[in-house]
Amino acid sequence: MANLQAHPAGGERRLPTGRAGRVDRRRVPIGPLEYCRRWWLQLIVGTTFLLLYAPIATLVAFSFNDSRRNIVWRGFTFDYYVKAWNNQSLFDAFVNSLTIAVVSTVVSTILGVLAALLLWRFRFPGKAVYEGFTALPIVIPEICMGVAMMAFFARVGWPTGLPWPLNLSNITISHIAFSFPFVAVIVRGRLIGFNREFEDASKDLGASEWQTLRHVVLPYLRPGVVAGALIAFTLSLDDFVITFFTSGPDTITLPVKIFSMVRFSVTPEVNAASTVLIIITVIATVAATRLQVPTRPDNPGGG
Amino acid sequence: MEQAAPIISIQDVTKRFGAVVAVDDVTLDIRPNEFFALLGPSGCGKTTLLRMLAGFESPGEGTISIGGKDMTDVAPNRRPVNMVFQSYAVFPHMTVFENVAYGLRVVRTPSSEIDSRVREALEMTQLIDFADRKPDQLSGGQRQRVALARALVKRPQVLLLDEPLSALDAKLREAMQLELVRLQNSVGITFIIVTHDQNEALSMADRIAVMEGGKIRQIARPSELYEFPNCRFVADFIGKMNLFEGRIAGRENGKIGVEVAGLGQLWLPADDNGPVPPEAANVGIAVRPEKVRLRREPEADRIALRGKVNQIAYYGDTSHVFVALESGQVLSANLQNDARSAFQSIAVGEDVWCSWDPGDVLVLTT
């Protein structure tokens, strides 16, 4: 019969332990990049992490510094978070950023999933070109894209001075333009593992195209879609360069606002605002990474 | 012979992919409750034919009717057939129960009926204890039975199976062969299986269609296919075959004489039913290895040839002995190891007589 063994772990083999194994291991020469046994590799990695994270750690730490001038540690306080919260223009910038991020995430996720499905599912003339152009915003330097966006909105005469939140529309459109390719790339990666026979099986069992998309394709894509959406959210929330070129005096986002505040002096208030931005971004990124971890691969055949 | 109306009728179906002809003018009737096998090497068009029955490919020419209705251009979700896929295609995000229920839910079956029918299907495939498992917690054999249950719960008129056993290991495959036949008997619907494994087809099917290059070469019951292949391709593809090329040299009171290079003239009983090959036609002379006997002396009333044992392959229950004939051709003979000492009775390098009954010889004209 087929149900011979049903232990979930299958037959995982243990490595042989004991003296013989240990003696063998000691004789194995150290590989060139064997991290655990090369002290200098560990040193390089340690230094890299220090240089990367020391400034950020300092920034976070000094957001709690009880001092107007951000040089010497004077004591712990939450004052500057309260102050940042009560700073109306900073708060407005924060609300703008969140609004733009939410709208652009929703739209770019839908567009990204559609683009990924289109490129995966169909063959059409000019597909390679289309695929290349879809991926272009990922590689184009942000500054170029920012200038291009600014020129575009000026040329078409995009209305300014609209009531909130419509005045954010040009920034939102720019954000959608650069973040949906990321969603498409992530979702396509997930689609590579999709067995075409799932689709055939669904139709064979009586489902229509729409039912197949809803009950089979999209549930399978969900981790990719969520990860893509979170990436899009993060990209939009902390984008500075492109936003800088498309924002006006009434449409300041948090990164742009922080930049303008830094031009006068780096106060703990700036640190506090930056820390909030970091925390939101980190949470979104961690969640995105978690959701992208592939599910356990199907163990093929056998009992 | 009076036959029930065919459940599936394929008429002059041709399918092209670009310049490649995948299925070439196939006409085939499949009877109700039949276990039918489409057998052939990879690329012979058998899977394409099956996918046309399921509705995933549409034939360029010809018609397909299922249950007496023309289904040539009907979408897969509107056909009274269901399929077990080669990869099983069990939905990874659903439990076993949900997988089996899926085909009922999408056509809005009342939920009380879904429950009872899914349970029935799970019991039939011995999966009832696994109803709440996810596919990644199942073995290959169990996943295959989910695919079976999922198709059978739809109560199709015809079940299509695309290489259903190819992903299983040898022992499990044999067990599943028996189980599929048992299942087919108990549900009483037509099964059409696509396979490249001749043993699978021979042991399971009521009838087999052998395909090559998009064409059907022969349709027959398994024993008929094995003992009376109608062409060199079928003879060689099903089982093993010793094949000699010869020429019709004469005909005498119910026997035909065939001139075979290196073997001389052989007198064979003429087949009364089969086509009579014309004089001087080129024919293939074929004999199965298990019909060949090896002795140290020639035997009377049998076709006997001298040779030297060249190689012996030992398989436990049988040994395959390869004998180099005087003509240089190598003949294979299967010995049953019906006694422990049997395989030792012959050694490499020995001179032997290979012999077989003239009645076991096939004359192949195509």
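Reader: Which residues in helix 1 of chain B are buried?

Author: This is a predicted model, where local features need pLDDT of at least 70, side-chain atom pairs count only at pLDDT 80 or more, and totals for chains, interfaces and linings use all residues. Residues are numbered from 1 along each chain as its sequence is written, chains are lettered from A and ligands numbered from 1 in the order in which they are written, and side-chain values use heavy atoms, with hydrogens and water left out. Buried means under 20% relative accessible area, exposed over 50% and partly exposed in between (1.4 Å probe, protein chains only), while helices (H or I, at least four residues) and strands (E, at least two) are DSSP runs, numbered from the N terminus. In helix 1 of chain B, the buried ones are Lys46(B), Thr48(B), Leu49(B), Leu50(B), Arg51(B), Met52(B), Leu53(B) and Ala54(B).

Reader: Why is helix 1 of chain B described as largely enclosed?

Author: Helix 1 covers residues 46-54 of chain B. It's largely enclosed by the rest of the structure because the buried residues number eight of the nine.

Reader: Which residue just after helix 1 of chain B takes a positive phi?

Author: Look just past the end of helix 1 in chain B. The phi there is about 100°, and the residue is Gly55(B).

Reader: How far apart are the C-alpha centres of the two domains of chain B?

Author: Chain B splits into domain 1 (8-235) and domain 2 (240-364), with bounds from an automatic or database domain assignment. Their C-alpha centres are separated by 38 Å.

Reader: How much area do domain 1 and domain 2 of chain B bury between them?

Author: Buried area is the accessible area (1.4 Å probe) that two parts lose on being put together, summed over both. Of the area here, 49% is on carbon and sulfur atoms. For the two domains of chain B, the figure is about 790 Å².

Reader: Which residues of domain 1 of chain B lose the most area to domain 2?

Author: Together they make up 69% of what the domain 1 side buries. They are Tyr226(B), Arg232(B) and Ala235(B).

Reader: How many salt bridges does the rule find across that interface in chain B?

Author: A salt bridge is a side-chain nitrogen of Lys or Arg within 4 Å of a carboxyl oxygen of Asp or Glu. Between domain 1 and domain 2 of chain B, the count is two.

Reader: What is the mean pLDDT of chain A?

Author: pLDDT is the predictor's confidence in each residue, from 0 to 100. In chain A, 87% of residues reach 70 or more, and the mean is 83.
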